[in-house]
Amino acid sequence: TLSTEDIALAKSLVPVLKERGKEITSRFYATLFRDHPELLNIFNHSNQRDGLQQQALATSVYEAVANLDNLEAILPVVMHIAYKHRSLGVMPEHYPIVGDYLTKAIQEVLGNIVTPQIVSVWTRAYAIIAKTFIQIERDLYQEGEEQEAGWSGFRRFVVKHKVSEGEGLQALYLEPEDGGPLPYYKPGQYISVRVKIGKYDHLRQYSLIDMPGKSYYRIGVKLEGSEDGIIGTVSSYLHQKIKEGDILEASIPGGVFTLDQSSQRPVALLGAGIGITPLLSMLYTLRTEAPEREVIMAQAVRDGRYHSFAAEIKRLCGESGQVMSTIFYEKPNDEDRRVGGFDREGRIDEGWLREHIPANAEVYICGPRGFMQGIITALLSNGLKAEQLHYEVFGPALSFSVP
Ligand code: HEM
C-alpha cells in the first residue's frame with residue numbers, strides 16, 4: 001500500500017514523465033521487444049511505426065498514477081482498455097514484464113532524479129494499477145466463457161462472403177467454423193481478428209455491423225494507407241489475400257461504445273468514413289427494437305466512391321418516418337453531381353448540428369480523430385452536456401479524457 005506522501009511523490013514525477021514521454025516509451029518498447037519478441041504477436045506493429053501506441057500505453061499509466069487516490073474516476077476508460085486487452089489476449093503474467101521495462105526505461109532516460117525512493121514508490125503504484133486491470137480483465141474473460149455461446153481466446157471463423165462497399169472498404173461475413181451459435185453482443189461492440197502474416201500474429205479490431213443475434217458477424221475492413229505510401233499490413237492482407245472460404249480467428253465481442261437501449265431520448269448517430277460501421281449496428285437495433293425512438297443520422301464521406309452501405313442505409317432510413325438521415329459528401333465529383341446520392345456538400349458543421357441535434361439527444365460519434373474533436377467541440381458549445389456524448393476513436397485512445 002501507499003501512504004499519502006508516497007502518492008504525492010509518485011504524482012510529482014508525472015509532469016516530467018509526460019514531458020520526456022516520447023523518449024521513455026521509445027526506449028521502453030525497444031527494450032521490451034528486444035528481450036520479449038513473443039510480445040510482437042500481440043502488439044500492433046503499425047501503431048509502433050507511427051508512434052501512437054508508444055504514447056497510449058505509457059500516457060495512460062502516468063494518468064493512472066495521477067489518479068491513484070481516485071481510480072474510480074477513470075473507471076470508464078479502464079473498462080475501455082480492459083475490453084481491448086481481453087480482445088487481444090493480454091494475460092496477468094504480462095503485467096510485471098511491462099512494469100519492469102517501463103520502470104527501467106524511466107530510470108535510464110531520467111537518470112539521477114529518479115531516486116531509489118521514487119523507484120520504490122513507482123513500482124508499488126504500478127503494481128496497484130496492474131492489479132486493478134488484472135482483476136477487471138479476469139472478470140471479463142470469465143464472463144466471456146460463461147456467456148451463452150461464448151468463448152475465451154480465439155475462435156475459428158469461415159469467411160462466407162466478401163462484399164465491396166466502395167473504394168477501399170470490404171465487408172466480411174464471418175461464420176463460426178464449428179457451426180455453433182454466436183453470443184449476443186451490444187450494438188457498437190467489436191471483435192479482434194487475428195491473422196498470421198510472416199513470422200507473427202497480427203491483431204486488429206473491427207466493429208460488428210449487423211443487428212446482434214444473427215448466425216454470422218459482419219465486419220468492415222478499410223484498406224489502410226499512409227501518406228508515405230506504407231499500406232496497412234492486416235487490411236491489405238484481408239483485402240488481397242483472404243478469399244471466401246478461408247479461415248480467420250476472432251475474439252468474443254466487447255467494448256464500451258454501446259447504444260444505451262434503456263434510454264427513450266432522441267438518438268443522433270454521427271459517422272465519418274469507416275466510423276459508420278458501429279453506428280449501423282445501432283441503427284438496425286433502433287429500427288427493430290425501439291421504433292418509436294427519434295433517430296437523427298448523419299454519414300460523412302469524401303465523395304460517392306467512398307459512400308459505403310448506401311443502399312442499406314437508405315432502405316433502413318426510408319422504411320418509416322423514424323430516421324432523419326443526411327448524407328454529407330465532402331467534395332462531390334462530377335459524377336456525384338449527375339447521380340445525386342448525397343444531401344449536403346462539405347462537412348458536418350456547427351450550424352447543421354445546432355439545427356438538427358435536439359438538446360436532449362444521446363449522441364454517438366465515430367470517425368477519425370479530427371472529425372470527432374470538431375463535432376464534440378461544436379456540440380458542447382451548442383449546450384449539450386459531456387454525458388450525452390459517446391464516442392469511439394478508431395486507433396489507440398491517447399488519453400483518459402479527450403478523444
Ligand atoms: C492498448 C493501457 C498493460 C498490451 C492499450 C491502450 C491503453 C493501454 C490506454 C490503448 C487502448 C485503445 O486502443 O484505445 C495499459 C495500461 C497498462 C497496460 C495502463 C498497465 C497497467 C498492458 C500489458 C500488455 C498490454 C501488460 C501486454 C502485453 C496492449 C496492447 C494494446 C494495448 C497489445 C493494443 C494497442 C496496440 O497493439 O498498439 N493499453 N496497458 N497492455 N495494450 Fe495495454
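**Helix packing, domains and the iron site**

Q: Why are α1 and α8 called roughly perpendicular to each other?
A: In this predicted model, helix α1 (residues 4–12) and helix α8 (residues 116–146) pack at an angle of about 100 degrees. Angles of 65 to 115 degrees count as roughly perpendicular, and α1 and α8 are therefore described in that way. Their axes are 9 Å apart.

Q: What makes up the contact of α1 with α8?
A: Asp6, Leu9 and Ala10 in α1 meet Gln117, Ile118, Val121 and Arg124 in α8. By class, these residues comprise four nonpolar, one polar and two charged.

Q: Which residues of α3 and α7 meet, and how do they divide by class?
A: From α3, the contact includes Ile24, Phe28 and Leu32, as well as Glu23, Arg27 and Asp35. The contact of α3 with α7 holds eleven nonpolar, one polar and four charged residues.

Q: Why do α10 and α11 count as roughly parallel?
A: Helix α10 (residues 276–289) and helix α11 (residues 310–318) cross at roughly 30 degrees. Angles under 35 degrees count as roughly parallel, and the term therefore applies to α10 and α11. Their axes come within 11 Å, and the crossing is left-handed.

Q: What makes up the contact of α10 with α11?
A: Ile276, Leu280, Leu283, Tyr284 and Arg287 in α10 meet Glu312, Ile313, Arg315, Leu316 and Cys317 in α11. Seven of these residues are nonpolar, none is polar and three are charged.

Q: How is the protein chain divided, and what is known of domain 2 and domain 3?
A: The assignment gives domain 1 (4–146), domain 2 (155–250) and domain 3 (267–393). The centres of domain 2 and domain 3, taken over C-alpha atoms, are separated by 23 Å. Their contact takes 18 residues from domain 2 and 16 residues from domain 3.

Q: What makes His85 a donor of the iron atom of the ligand?
A: The NE2 atom of His85 is at 2.1 Å from the iron, and a donor is an N, O or S atom within 2.8 Å of the metal. His85 is the only protein donor of this iron atom, and histidine 85 lies in helix α6 (residues 75–88).

Conventions. Residues numbered from 1 in each chain as written. Predicted model: local features only at pLDDT ≥ 70, side-chain atom pairs only at ≥ 80, totals over all residues. Heavy atoms only, no water. Donors = N, O, S within 2.8 Å, 3.2 Å for Na, K, Ca; no water. Helix = DSSP H or I, 4+ residues; strand = E, 2+ residues; numbered from the N terminus. Contact = heavy atoms within 4.5 Å. Nonpolar A, V, L, I, M, F, W, Y, C, P; charged D, E, K, R; others polar. Domains from an automatic or database assignment. Axes fitted to C-alpha atoms, helices over the stretch in contact; angles between N-to-C directions. Parallel < 35°, antiparallel > 145°, perpendicular 65-115°, else oblique. Left-handed = near helix turned anticlockwise from the far one by under 90°.
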